[in-house]
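Student: Please take one part of this model and go through it closely, with the criteria behind each term.

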Amino acid sequence: MEKLMHLVFLVSLSELCVAENITVVYGMEGETISIRCTYSPKENKWREKSWCKHVNKTECQHVVSAHRFWLQFLKKWKGNTSIADNIHKGVLTVTMERLQKQDAGLYQCKTDFLGEAKTLKKVKVEVLGGVMETLAPEEPRAVHSISSLPEAHFNAFICTIMVLLLAKFLTAILIFIIASHQRSSATGEGSHNLNQHQLLPLTEQEN
């Protein structure tokens with residue numbers, strides 16, 4: 001029951017994050033995930049880029065900032081997290097190594113310039129441990145493959161599953177409505193024929 005509730009929680013979390021435009025990234029304990037935050041090089045080339053973790057709805061605690069000016073392409077580390085900025089392609093890459101349970105949470109890539117902050121992407125990091133490994137012992141690498149998928153592909157996968165489920169649900173409702181309508185029509189026609197059959201003897205007696 002506990003395993004089932006964990007799966008339901010993950011599915012509900014994914015649906016909620018899709019609705020709020022939050023990218024969900026899954027990773028196993030001890031492994032590595034990478035997050036790519038894209039931006040317009042023309043507008044954000046010289047702005048400071050950073051990675052922070054939300055401690056509440058309004059406060060995002062700074063984790064690490066990218067090098068500025070001519071050193072952007074070099075990785076900058078803090079703990080198990082590194083950040084590198086490609087200003088020519090407009091891609092900020094955050095890498096989290098040796099994932100631990102405490103690394104889970106809501107993060108964001110952002111830019112800052114003269115006190116003006118701008119969010120590039122919000123990311124929900126989920127660290128999977130022993131529960132998921134127990135659920136699928138015959139395919140120990142299946143869960144790991146989730147973290148290796150590009151974020152955009154993973155979001156597209158989640159959206160596709162939701163659309164298919166919705167389509168099946170609507171199809172079932174449509175089939176039920178058509179069947180009910182056909183039964184109602186058949187019942188009405190049967191009642192009409194019965195009434196005509198009952199009236200026929202009365203007509204013959206009158207003649």
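Tutor: Leu114 sits in the loop that links strand 8 to strand 9 (116-128). Strands here are DSSP runs of E with at least two residues, and helices are runs of H or I with at least four, both numbered from the N terminus. The model is predicted, so local features need pLDDT of at least 70 and side-chain atom pairs pLDDT 80 or more, while totals for chains, interfaces and linings use all residues. Residues are numbered from 1 along each chain as its sequence is written, and side-chain values use heavy atoms, with hydrogens and water left out.

Leu114 is not a glycine, yet its phi is positive, about 55°. Its relative accessibility is 80%, so Leu114 counts as exposed (over 50% relative accessible area; buried is under 20%, partly exposed in between, with a 1.4 Å probe and protein chains only).

Cys37 belongs to strand 2 (residues 33-38), so the bond ties together parts 72 residues apart in sequence. The S-S torsion of Cys37 and Cys109 is about 45°, which means a right-handed disulfide. Cys37 is buried at 0% relative accessibility, and Cys109 is buried at 0% too.

Definitions and conventions:
Disulfide = S-S within 2.5 Å.
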